[in-house]
Every structure is written in structure tokens, then in C-alpha cells.
Amino acid sequence: MTPEAIDALFEAQTAAWPDLDRGVESLERAARRAFEIRGTRVDAVRIPHRVVSTTAPTDPAAIRQRPCFLCPENRPAAQTGIAFGPDMVVLANPFPILERHVTLVHREHAPQRITGPSGVGAMLDAARALPGYVVIYNGPRSGASAPDHLHFQAGRSRGLPLVERAGGAVDGMLTDPWRAVLVVAGDDPEDVEAGFRRLMSPLAARSPEADEPRVNVIVTFEGGRWTLLLFPRARHRPAAFHEGRLTWSPGAIDMAGLVVLPVAGDLEKLTADDIETVYREVSLPIDAAREILAREESS
Ligand SMILES: [Zn+2]
């Protein structure tokens, strides 16, 4: 898997698969707004084709009842992929948020777990193979639309304000008072993975869920160095979603500073206050994130 192979995949697939061609065109036309939240840049984009994912039911019963759209037998007939290692296949995403937006899908129907086999190690491998890209993980209760089938996403990093800002970051926390972001960086993949696991362990200890704490993860690789951004989450959807005020279900891309809104009118009425309120609601509180970090530094 290389950026050139993904370029070729998109060239072939946009010609053969009208849904993908429409998705790519719709993203190019998408309306955008820029905001400043206490001095930090956050962008918002209206992408109508995200509505199914943004409003998807996330309860286990609903997930069990729907056919898994990442299993080969349920994929669109026109969708073809490229191999990534022995275990994963790379598919163009017909509902893109990023340029060259792809899904890295495990060949087995196995639960979404970043700490399991083909977890964070596979993300680091994918990031190394794709300079200029982000590799993304949404946890099973933090934005994954297929929590029952292991997958990552990737796409060009352009347009993600936090990723641009995090270039060259070192281990620690990026200090926005309204959004917890823990950073692990380095040039040795085993060290980066170990640093990530040292953060996940106290998060798991304080998590009410047995399987995995609520997280989003973004990995980049530039100049021989990985940067891993870990977003510990308090909840998936904000009050404004449940109250019908704002159709916004933040995942990793949103946490990295690109607010994805599918519904007409939401982009126009969105305010900087709304954005800050939602980030505060869905992030682990900053004090709790500081505690996690202090434990990791003293260990
Ligand atoms: Zn599946």
C-alpha cells in the first residue's frame, strides 16, 4: 500500500463506481466555515452524504440486526480493494470526509479493538506506508459505524487543523482547555506502541466498559517520526444531538478540528460556543487527562 496505489485505486473506482464518483464530487463542493475557539482553529464542513453515519443507531441490538457492510458478501459489487499486509484490505470510502478517504478493513469479522491483534501496530505500519496521510481509529463507542468489524480509516491529512499543529509535537498533552489530546511521538514504532499502551491502561482502569475505554486515535508519519494523537472520550454524542439541536456525532476527524455536519442549516447556525460546549462534553475532562499523563510520567 502506497499513496500511488491509492491514487490508482481512486482513478479506477471513480470510473467504475458512480456512488464513489458522486461522493468525491460532493466533498469538493462542500460548504465550509472557519472558527476560532480561544485562539485555536477549528473548521466546520457540511457533507450531506455523512447523514447515515452521523445518525446511525449504535446500540448492540441494532448492530446485530443489520448486515455488516464491511464483510465481503455485503459490499457493493463495484467496490474493489488493494491488500495491506496479509490481514487487511483497503477500500475507497464512498462517503468521504478527507481527500483519498479509504477504509482499512480486516479480512475477518472481528470486533473493533485497538489493543488487540492488528490494532495500534497495524496503524503505525499504515502511517509509515502513507506519508501525507492520517490513519484513524474510532473506538466501538466513540464513532465507529461498524463496532463489530475491525477497521481503520485513512486519508490525506490536509484540512485537519490539529494535525497540522501537532507536527513535531513531543510526548505529553496538547493544551486546549476544552479538548483533551494526549500525544505519543517517536522514531521507534515499538516505543510509540508501548507509550500508547501505558496511556490506555489507566484509561481502561477508570472506564465503565469492560472491553475498551472510549477513545479516538490518529497516527501520522513524517520525516521518519510517528505522531500518535489519543483523544480520551467521556461520551460519543453530545446533548445537542439527543435534543435535536445539532446533528453532530464527533469521531476522530471532528476531534482533530474538523466538525462534520450533514444536515442543512446546522453549518450556518453553528457558533464557536456550540463547538466549545460539545468538545467539553465529549472529551475526558482535562484534569482527568492530566492525571493519566502524570501516572505515565511517574511509571
Ligand atoms: Zn463484518
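In the predicted model, R33 pairs across a bridge with A44 of strand β2. The loop between β1 and β2 holds R38. R38 is not a glycine, yet its phi is positive, at about 45 degrees. Most residues other than glycine have a negative phi. R38 has 9 C-beta neighbours inside 10 Å, and therefore counts as exposed.

Strands β1 and β2 are part of an open sheet of three strands. The order is β1-β2-β12, and the pairing is mixed. β1 (31–37) and β12 (258–261) form the edges. Each has a single partner strand, so one side of each lacks a neighbour in the sheet. From one strand to the next, the twist averages 20 degrees. Helix α11 (residues 272–282) lies across β1, β2 and β12. Its direction makes an angle of about 70 degrees with β1.

A further set of pairings involves strand β7 (residues 151–156). Strand β5 (residues 102–106) is joined to β7 by four bridges, and the two run antiparallel. Here L104 stands opposite F152 of β7. Strand β6 (residues 133–138) also pairs with β7 over four bridges, in the antiparallel sense. In that pairing, Y133 has R156 of β7 as its bridge partner. Strand β7 is mostly covered, with five of its six residues buried.

S118 is found in the loop between β5 and α5. Is S118 buried or exposed? It has 22 C-beta neighbours inside 10 Å, so S118 counts as buried. The cut-off for burial is 20 or more such neighbours, and that for exposure is 12 or fewer. R38, with 9, therefore falls on the exposed side.

In soluble globular proteins, nonpolar side chains tend to be buried together. In this model, the largest nonpolar core has 76 residues. Those with the most contacts inside this core are M123, A126, V135, A154, V217, L230 and A256. Helix α5 (residues 120–129) supplies the largest share of the core, six residues. The contacts of A256 show how separate parts of the chain meet. Leaving out residues up to four places away in sequence, A256 touches L160, L162, V163, I218 and L229.

Helix α7 (residues 189–205) has 17 residues. At 1.5 Å a residue, this helix should span 24 Å. The C-alpha atoms at its ends are 25 Å apart, which agrees. The buried residues of α7 are V192, G195, F196, L199, M200 and L203. These residues cover an arc of only 135 degrees around the axis, so they lie on the same side of α7. An α-helix has 3.6 residues a turn, so residues three or four places apart point the same way. On the other side of α7, E190, A194 and A205 are exposed.

Definitions and conventions:
Residues are numbered from 1 along each chain as its sequence is written. This is a predicted model: local features need pLDDT of at least 70, side-chain atom pairs count only at pLDDT 80 or more; totals for chains, interfaces and linings use all residues. A nonpolar core is a set of buried Ala, Val, Leu, Ile, Met, Phe, Trp, Tyr and Cys residues joined through C-beta atoms within 7 Å. Two residues are in contact if their C-beta atoms, placed from the backbone, lie within 7 Å. Two strands pair if DSSP finds at least two bridges between them. Axes are lines fitted to C-alpha atoms, for helices over the stretch in contact, and angles run from 0 to 180 degrees between N-to-C directions. The expected span of a helix is 1.5 Å times one less than its number of residues. The arc is that of the directions from the helix axis to the C-beta atoms.
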